[in-house]
Amino acid sequence: MTIQADALAQGMSTWLPALQSPAGAIAFVPLYALWVTLLLPGVWASMLAGALYGTWWGSLIVFVGACLGAEAAFLLGRTWLRGWAQQRLAALPKLQAVERAVSREGLKLVLLTRLSPAFPFSLLNLAYGLSEVSLRDYTIGLIGILPGTILFCGLGALAGDVARFGEVLSGEADPATWALRITGVLATVAVVWLVGRAARQALQEVEPPA
């Protein structure tokens, strides 16, 4: 077990600095896109991007990668993997309801469901692919993932700051800057919560009857 942990630590010490380079940041985009296409949860990958690149650069990298992966999942669900997507969503009546409502409401509902944290990002891509929403409205609706993207990247950046908290105590880092980052993350949490609540309320108004 110790040998495996040492090997993992050695591997991380090798590839993490590589990812922090400009070339690594560029490579992170298609890696994140692949992650999304495979329907894997993006929370931890988003937080890793925040820890590696900071809140704002990390958010930009994640947003681009998430959009590319979402487009790929949407197109696959609408074409080659349509049968598999229908089977996958058969046991998820909530997402089936989203599929029907999106076909009726279009861009409006795409934005609302993207803003609401109640719907998993990856599976939503499949539901949208099965719906009748246009590719244009689907693509524009990806703007709705920005608040959550900034939040998780901010949490990742903050986690990196916490890991370096000893630098603050020893006077090697500016405590005011560190405190400002915490304040920024808390403010982002509040914004995401308010936006999510507003989206849930709006969704209740357009949700089709069971």
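This is a predicted model: local features need pLDDT of at least 70, side-chain atom pairs count only at pLDDT 80 or more; totals for chains, interfaces and linings use all residues.
1. Threonine 149 is placed in helix α10, which spans residues 146–163. When residues up to four places away in sequence are not counted, threonine 149 touches Ser59, Val62 and Phe63.

2. The overall architecture may be considered next. The protein has 12 helices and zero strands. Read from the N terminus, its elements run α-α-α-α-α-α-α-α-α-α-α-α. Of the 210 residues in the protein, 38% are buried. The accessible surface comes to about 11800 Å², and carbon and sulfur atoms hold 70% of that surface.

3. Among contacts with a separation of 6 or more, 79% are between residues 24 or more positions apart.

4. Which helix is largely enclosed by the rest of the structure? It is helix α8, residues 121–130: nine of its 10 residues are buried, so the helix is largely enclosed by the rest of the structure. The buried residues are Ser122, Leu123, Leu124, Asn125, Leu126, Ala127, Tyr128, Gly129 and Leu130. The elements that cover them include α2, α4 (55–78), α5 (82–89), α6 (93–105), α7 (107–115) and α9 (135–141).

5. In one of them, phenylalanine 28 and tyrosine 53, the ring centres are 5.7 Å apart and the planes lie at 85°, so the pair is edge-to-face. This pair links distant parts of the chain, since phenylalanine 28 belongs to helix α2 and tyrosine 53 to helix α3 (residues 43–53), 25 residues apart. Phenylalanine 28 counts as buried at 6% relative accessibility, and tyrosine 53 is buried as well, with a relative accessible area of 13%. Phe28, Tyr32 and Tyr53 form one aromatic cluster.

6. Glutamine 20 lies in the loop between α1 (2–19) and α2. Is this residue buried or partly exposed? Glutamine 20 has a relative accessible area of 46% and is therefore partly exposed. Leaving aside neighbours within four places in sequence, glutamine 20 is in contact with Leu52 and Tyr53. A further relation concerns alanine 49: glutamine 20 and alanine 49 are 29 residues apart in sequence, and their C-alpha atoms are 9.2 Å apart in space.

7. The last point concerns the surface. Tryptophan 35 is placed in helix α2, which covers residues 22–37. With a relative accessible area of 35%, tryptophan 35 is partly exposed, because that class lies between the limits of 20% for buried and 50% for exposed. Leu34, Trp35, Leu38 and Leu40 make a nonpolar surface patch of about 370 Å². Helix α2 therefore holds both the partly exposed tryptophan 35 and the buried phenylalanine 28.

Notes:
Residues are numbered from 1 along each chain as its sequence is written. Side-chain values use heavy atoms; hydrogens and water are left out. Patches are made of residues with over 30% relative accessible area and no salt bridge: like charges are joined within 9 Å, nonpolar side chains (Val, Leu, Ile, Met, Phe, Trp, Tyr) within 5 Å. Accessible areas come from the Shrake-Rupley method with a 1.4 Å probe; for residues, only the protein chains shown count as cover. A salt bridge is a side-chain nitrogen of Lys or Arg within 4 Å of a carboxyl oxygen of Asp or Glu. Helices (H or I, at least four residues) and strands (E, at least two) are DSSP runs, numbered from the N terminus. Buried means under 20% relative accessible area, exposed over 50%, partly exposed in between (1.4 Å probe, protein chains only). Contact means heavy atoms within 4.5 Å. Rings of Phe, Tyr and Trp (its six-membered ring) pair if their centres lie within 6.5 Å; planes under 30 degrees apart count as stacked, over 60 as edge-to-face and the rest as tilted.
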